[in-house]
Amino acid sequence: MPVSNPQDDPGVVGRPPGEMLVLLALSPTSGLVAREASRLSRSLGLRIRFLHVGARTPAIHRRFQTLLEHSLTEPGGDVTFRTGRIEDVVAEEAQASDLVVLGALEQEGPLGAFFSSVARRVARTAPCPTLLLPSPNPNPEPFRRLVAVMDPSTPSPEMLRDVLELARAEQVEMLHVVQELELPALNLALEEGADLDQTEEERRVNALAARHRLANLLEDCQADQVPIRVESLAGREGLEAIRYSQENSADLLIVPAPERDQSTVLERLFPRGTDLTLLNLPCALLAWRPRRTP
Amino acid sequence: MSHAELVSLFLALGLLVGVARALGEVASALRQPAVLGEILAGVLLGPTILGTFWPQATARLFPETGPVAFGLQAMTQVAVVLFLLVAGLEVDLSRIKRQGRMATVVSVTGMLFPFALGFAFVYAAPGLLGKPPETATFLYALFLATALSISALPVIAKILMDLHLFRTDLGMIILAAAIVNDFIGWLLFALVLGLIPGRHVEEGSFDIWTTVTATLAFAAGMLTVGRVALNQMVVRVQAHSAWPAGVLALCLSLALLCGAFAEWIGVHAIFGAFLVGVALGDSSHLRERTRLILHHFVAALFAPLFFASIGLRVNFVESFDPLLCLVVLAIACVGKILGCGGGAILAGMPSREAWALGFGMNARGAMEIILGLLAREAGLIDDRMLVALVVMALVTSMLSGPLMERMLARRKPARFVRYLRDRGFFILGSDKDPFQAIEAVAGGLSTALDSSLETLLEAIRRRDRLTGNGLAPGVRLAHARLSGISTPLVGVALCPEGFRSGGDAEKVRAVVVVLTPQDKEVQQIEILTDLARTFLDARLRRLLLACSSALEMRALLRSSQSEPQH
C-alpha cells in the first residue's frame, strides 16, 4: 500500500499514482464508506474507483450516483458494475489496486467463522491490502491511534514499512507495534513440578525478546519521526490484538491478511490469529498483504 | 459412613496427598518428573513396602473394600476426570496447521508408526506382551498401540521450558505435534474403552453401535455448537458471578456433567471431561488466570492423590516383570523416536534436530499412567502390564530432556557476565536518579567507543521510547545497538537503598546498560534474555544487588551458572 504524493508526476516516481478500489453495497452505510474512502485516498494520494457487484439497473445506478454526489467532496466518482461472486470479482478488479475498501459488520454471528461473511472473504482473497470499515465515521478524520499486529513468527519488514508510511501520512498520535506471544501448553508444565514463577519468567523473557526483535526492525526502518510503542502481548493470537486495541482506543487495527485458502474444517471450527480478529472487529481493520509484483 | 470410617477416610486422604506432594517436590528438586515422587508415595504406603513390612497398617489405613475404599476410589475417579479437563484446556487443534507441513508430518508419522508397531507386536507375540487370555487380541492390540503412540504434553512443555526452547521453531513443532497426538490418543482410548464388551452387558447400558454413534455425535456437538454455547456461558457467568468462584464452578460442574453423560452413553467419563476442556480452552472469554487456577487446583491436590493411589492398588515388586518392562520400553522408544525423528527427516529437518525432536516426543509421563490405570480398571490389562507401562512412562520422561539436550549440542548462548566491564560498574547513592545512573554507566562504557556520550545517550533514549525499560522488579534496562562496536559492552549501577524517583513507582535499585553491535541480533537477544532470566530469579537478584564490584558480580554469576537454576 504505497503512499504517493498526489503532485508527483508519474514519470518521476516511475509508476502511476496508486489506486484504491472501493466496494459499494446496497447498504445504509455505503455513503459513509465512500466518504471515509475519499478522505483516505487524499491522505494516501491514491486514485479512487468504485465497484458494485450486482446487476446494473437504472434505479441502482441513479442511487449510487446520488450517494456519491452527497459523499464525495470532489466530483467525478462513477461506479463500475460487475456480476459474479463478490470475492472473485474483487480479486480480478483489484489486480492493479493498492487498497480495497469496504464496509463490514463489527461482529460475526456464531456460525460466522464457518460460513465467512463477504467482507472476510474479500479480505482473504484480495490481491492487495483490504480495509474493513465496521462503523465509518460520518465526519471522517485521520486514523490517530494505530495498532499494527506483526506476524508472531516472522514479522515482515515490508509490512512495517507500509505501516510507517501510513502512520506518517495520517500523522498518528501513537503507533503501537505489537506481537502476540502464545506459549501453548505452558500451564501444563505446572503438573510436572514447574512453579508459577518459572512459567511467569518464561512469559516475560520471551516477551522481552519479542519486543527487542521488533524494536530492531523498527530501527532498521528509520522510524524516527513517528511516535511508536512496541509491545508483546502474552495470550492467544488474534484475541490479544482485539483486547489491546480496545484498551488503547485504537481507531485502526492492522493485521497480516489471513491466508487466501481457508480450506480445512479445523480452521473454520477453531479460528486463530487474524481469522479470530476478523470475527470481532474492535475498530476499522486493515488486512495487510504484500503487493504482487507485476 | 460411620464416624470411625470418616476418620479413616480423612486420614487416608490426608496421608496420600501430603506424602505424595512432598515426594513430588523432592523429585522436582532432583530434576525428575514430579509424578515419580507421587507414585513412590503410593508404593511406600501401599502393599509394596508398608504392606510387606506392616500389613495391618496398610489394611487399616487403606482397606480394599468397604465405604473407605469406595470413598478413595470415588476421589481418584474425580481426580482423573479433572486431570483430563485441564489436559483438554491446552488443546489447540489449529496450531498444527499454523506450524506448517513439518508439524503435520511429525504428528502423523509419530502417531502411526508406534501405533502400527504396537499393533503388529501384539499379534506377533501376544504372550510376550502380557496379553491376558480372556482379553480379545484385537482390543488388546488397539489399546497397546494407542498407549505406545501418545506423548505427554505436560512433560514436553516442562522440558522445552527448562531447555529454553519454548518459542523456537523446534519447540513449536514438538508442541503442535504433541497436542494433536494427545487429542487423537484420548479419542482412540475412549473408543477402546467403549469397545470393551463388559461395559455393554450391564442393565440399562447401550449396545456397542449405539455407544459409537452417540460418542461421535457427542464429540461433534461439543466441538461445534457446544463450543459456541460454552463460550457464551463463560461470558454470562463471569459477568454475573464473583470471579473466579463462578467460572471455576462452571468448569468443574460441566466436566462432571459431561463425564456423567459420557459414562451413560458407554464411554469413560474422561472422554466427556476432555471434550469440555477442549471446548472451554477455545473460549475467547476464559481468562488466563482462570486456567492457571484450574491447573494449580488439579496439580496440587488431585494429581498427587491420583498417582499415589496407583501404588495402593498394585504391588510393584510382585507385579514387576523385567522382560515385559524391557519389551514395552523398547517398542515404545523405537516406535516413537523412529516415527517422529524419521518423519522430521523426511520433511526436511536436519538430522540432529530431528532426532532431538524424536527424543522429546518420546516422553509419556502422567498420561500413559492414567491410560494404564483405566485399562486395568476396565479389566483390559493385568498388574504386570500396568507396572510395565508405569516404568516405561517414567523412564521415557526422565530420559527425554537429557537426550534432547545432548542431541542438540547447542552452542552455549552469550551470557551478559562475559561482557560486564569493570569501568562500567558503579555503586551510587540514593541522591542520584536512574537517568543519572545511566549517564554514569554509559560514561564509563563510552571510553571504549568512538561515539560521543551524547550520541550514546540519545540512542538509549530512542530505544527506551520504543520498548520501555522494565527488566525485573527494581531493575531497569538501558539498551542500544551501535554500529561502531564489534563486541557487546555491559555496565551496571547499583543503589541498595534505591535511586531517587519522582513518583510512587517501585524503587529502582539497579540500572543495567547493554550496548550491542548493530549487526549481531542473535547475540543481542541472547544477552538480553540472559539478563532477564538472571534478574527475574529473586534469590539471585537479591545477591546481585548486594555486590560491591564487577569482580564480585562475575564470581557470583559464574558460580550460580554451574548450579541448576530451579
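**Close-up views of a predicted model**

**View 1. The largest nonpolar core draws on both chains, A and B.** In this predicted model, the largest nonpolar core counts 244 residues, and those touching the most other members are A:Val22, A:Val100, A:Val101, A:Ile254, B:Phe83, B:Ile156 and B:Leu357. If you're wondering which element gives the most to this core, it's α10(B), with 17 residues.

View 2. Set aside the neighbours within four places in sequence, and B:Phe83 is in contact with B:Val298, B:Phe302, B:Ala303, B:Phe306 and B:Ile370.

**View 3. Helix α16 of chain B is mostly covered.** This helix runs over residues 351-361, and eight of its eleven residues are buried. Those eight are B:Ala354, B:Trp355, B:Ala356, B:Leu357, B:Gly358, B:Phe359, B:Gly360 and B:Met361.

**View 4. B:Val43 sits in helix α2 of chain B.** The helix spans residues 34-45. B:Val43 counts as buried because 22 other C-beta atoms lie within 10 Å, and the cut-off is 20 or more. Leaving out neighbours within four places in sequence, its contacts are B:Thr48, B:Ile49, B:Gly311 and B:Phe316. Look for B:Ala308 as well: it is 265 residues away from B:Val43 along the chain, yet their C-alpha atoms are separated by 7.4 Å.

**View 5. In chain A, domain 1 meets domain 2.** Domain 1 covers residues 1-137 and domain 2 covers 142-294. Each domain puts 24 residues into the contact. On the domain 1 side, the elements giving two or more residues are α2 (30-44), α5 (118-125) and β5 (130-133) of chain A. By class, that side has 14 nonpolar, five polar and five charged residues.

**View 6. Stepping back, chain A has ten helices and ten strands.** Of its 294 residues, 53% count as buried. Take the contacts in chain A between residues at least 6 apart in sequence, and 82% of them join residues at least 24 apart.

Definitions and conventions:
Residues are numbered from 1 along each chain as its sequence is written. Chains are lettered from A and ligands numbered from 1 in the order in which they are written. This is a predicted model: local features need pLDDT of at least 70, side-chain atom pairs count only at pLDDT 80 or more; totals for chains, interfaces and linings use all residues. Helices (H or I, at least four residues) and strands (E, at least two) are DSSP runs, numbered from the N terminus. A residue is buried if 20 or more other C-beta atoms lie within 10 Å of its own, exposed if 12 or fewer, and partly exposed in between; C-beta atoms are placed from the backbone. Two residues are in contact if their C-beta atoms, placed from the backbone, lie within 7 Å. A nonpolar core is a set of buried Ala, Val, Leu, Ile, Met, Phe, Trp, Tyr and Cys residues joined through C-beta atoms within 7 Å. Domain bounds come from an automatic or database domain assignment. Ala, Val, Leu, Ile, Met, Phe, Trp, Tyr, Cys and Pro count as nonpolar, Asp, Glu, Lys and Arg as charged, and the others, Gly among them, as polar.
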